[in-house]
Amino acid sequence: MGGWEYYLIVLLVYLGTDLLAAWGLNLEFGVTGVANLAYIVTIAAGAYTYAICTLGPPAATGNFQQYVGGFYLPFPVAVLAGVLAGAVVGILIGLTGLKRLRQDYQAIAMLVVSLMAATVVMADTPFLNGNAGLGLIPAPFSDQDPEIQRWLYVGIVAVACVVGYLLLRRFTTGPIGRTLRAVRDDEYAAAAIGKDIVVLRLVVQAAGGALGGASGALLAAFIGGWSPGAWAYVETLALLTAVIVGGMGSDRGVSIGTFVIAILVLQGVQFLPQISFRIGLREDLGWIVLGTVTILFIWFRPQGILPERRPKYGGSS
Amino acid sequence: MQLLIEAIGFGIASGAVIALGAVGFSVQFGMSNVLNITYGSLMTLGAYIGLVLTDRGVNVWISLAIAGVVVGAVSVGFHRWLLAPLVRRGTRAFAIVIVTVSAGVVLQYVIVAFAGPDAKSYGEQSGQTFYLLGVVLTASQVAIIVLAAVLMLGLHLLLTRTTLGRAMRATASNRVLAQSCGIATDRISDIAWMLSGMLCGAAGVALAITTVSFDFTLGPIFLIPMIAAAVLGGIGQPYGAMLGGLVVGIASELAAAYTNPAYREVVAFGILVVMLLVRPNGLFGAAWATRRLMA
């Protein structure tokens with residue numbers, strides 16, 4: 001298998017998992033208006049859950065890494081467990097967002113939740129192996145030829161994306177979608193006509209979290225490892241940039257935004273000529289570009305590349 | 001008992017630094033009603049400016065002053081050319097938070113690109129130590145506590161005894177009214193952001209002096225205790241922020257002394273989340289000062 005073919009597979013898996021995550025974040029942030037800066041925690045929940053469900057008990061590998069639980073569940077069950085964990089964490093995060101706070105206070109509270117989760121996981125080694133993270137996470141079809149196995153995995157991610165997109169469309173189109181946008185645009189008016197804001201928000205948090213959990217589980221199975229470095233709070237910023245660049249609230253827009261940010265920008269910087277001898281400079285550059293792009297879009301084109309289509313209603317206005 | 005006293009002593013030392021930063025943060029917020037997350041990275045910038053200067057043999061306290069002025073100027077520019085125009089256009093509050101988070105990330109990685117990711121240090125500070133009520137504090141820790149106290153007193157006098165201070169308070173409490181009284185509110189904003197930026201830069205250098213070594217995550221890590229202190233004392237209220245700084249500092253050191261040291265930050269995180277959710281007006285709420293900040 002050539003290096004380029006392998007790279008293509010990596011890109012496809014990254015794109016698929018990033019799409020799932022960006023859709024989930026868009027559902028929460030773009031469609032419902034919850035500025036969830038802790039979104040990455042749902043992805044981490046999915047990844048860790050998948051790892052624990054497939055690694056088996058710690059003693060089976062000679063206790064070289066510590067974690068709670070440990071089972072040998074088949075791949076689909078483990079991914080589902082990850083999805084479920086993402087949904088639960090999503091709801092927990094959502095609970096902090098229920099209080100009628102100023103939007104910016106809410107965003108900060110969520111940012112802190114994200115930092116706090118990372119600090120606790122890093123400090124408490126017996127829980128999820130602390131700073132080192134979990135390794136040797138099994139991937140499916142490991143009995144197959146590596147090349148076939150990798151392409152099969154791309155297929156699984158593609159299937160997950162289709163399922164995820166169908167789930168997303170359930171929430172963004174039709175009556176539910178209109179209700180959610182109403183909650184985002186005028187919470188009080190929506191409540192006044194009898195919409196249960198609390199339940200709606202929590203359902204969306206669960207759905208968004210489930211997408212995040214799926215993304216995390218699929219990513220962890222592909223990479224084979226998962227550590228706190230993979231879910232620093234800046235990772236949420238990357239997804240948020242994808243949502244803002246693509247167009248908040250627009251499913252197709254966010255998909256384009258994810259491609260632009262995750263593939264063109266974050267992978268693109270890898271191909272820059274080596275500027276200095278220091279390793280990691282290009283990754284730093286990636287974050288600089290990412291932050292700058294976010295600011296430029298909020299300044300010049302807050303509606304994104306492909307803006308959300310505003311529904312037109314009949315009648316005089 | 002000794003553990004308790006030591007924890008409180010260290011708590012006061014770190015609380016002084018937190019208070020420096022928190023007061024600056026509070027002044028910005030009170031003036032512009034913007035939660036400026038970039039503040040953390042500006043602190044890092046201050047610490048690295050201090051590093052460049054001390055490496056060239058400049059005295060550490062002069063470096064602190066210079067870093068303060070530079071960060072103050074950067075902070076004014078950041079507000080005048082980026083945040084203020086966005087606020088004027090009516091950009092939504094969470095979009096502004098995202099802008100400040102992004103700007104913070106950009107600044108942080110620009111610093112890494114130039115200075116590299118490894119830990120830095122200002123080198124050995126003067127070895128003299130002081131024994132106060134059974135607590136051992138280094139000379140620089142004592143100096144920072146004194147410095148913080150002096151700066152707080154200065155800010156207090158500025159805000160209450162001078163025309164400029166009155167104009168600042170007037171602008172913070174009602175911008176339109178202040179403008180119609182003939183106060184040049186844009187210039188007052190600039191001055192407030194200058195002052196808060198100076199406190200921010202000074203806090204960055206002070207933090208770098210007290211922590212033995214630091215890297216580019218210095219500011220962002222420290223930002224949360226600072227916001228926690230500012231919110232605890234009632235956001236936008238400098239005196240509350242001073243008290244909040246001490247409370248957060250002591251609480252964090254107690255947690256570090258009696259549980260896992262890694263939980264030092266978690267205490268501040270917890271205080272902040274609980275305060276934001278339960279009492280976003282601060283511990284003393286409306287009774288402490290005029291409540292004008294809550295939308």
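User: Is helix α8 of chain B mostly covered or mostly open, and how many of its residues are buried?

Analyst: A residue counts as buried if 20 or more other C-beta atoms, placed from the backbone, lie within 10 Å of its own, as exposed if 12 or fewer do, and as partly exposed in between. In this predicted model, α8(B) is mostly covered, with 20 of its 26 residues buried. Residues are numbered from 1 along each chain as its sequence is written, and chains are lettered from A in the order in which they are written. Local features need pLDDT of at least 70, side-chain atom pairs count only at pLDDT 80 or more, and totals for chains, interfaces and linings use all residues.

User: At what angle do α10(A) and α11(A) pack?

Analyst: Axes are lines fitted to C-alpha atoms, for helices over the stretch in contact, and angles run from 0 to 180 degrees between N-to-C directions. Under 35 degrees counts as roughly parallel, over 145 as roughly antiparallel, 65 to 115 as roughly perpendicular, and the rest as oblique. Here the angle is about 130°, with the axes 7 Å apart. That makes α10(A) oblique to α11(A).

User: Which residues of chain A and chain B are in contact, by number?

Analyst: Two residues are in contact if their C-beta atoms, placed from the backbone, lie within 7 Å. Chain A gives 34 residues and chain B gives 35 residues. On the chain A side, α4, α10 and α12 each give two or more residues. The largest share, 14 residues, comes from α4(A).

User: Where is A:R150, and is this residue buried or exposed?

Analyst: A:R150 lies in helix α6 of chain A, residues 146-172. A:R150 is buried, because 22 other C-beta atoms lie within 10 Å.

Technical notes: Helices (H or I, at least four residues) and strands (E, at least two) are DSSP runs, numbered from the N terminus.
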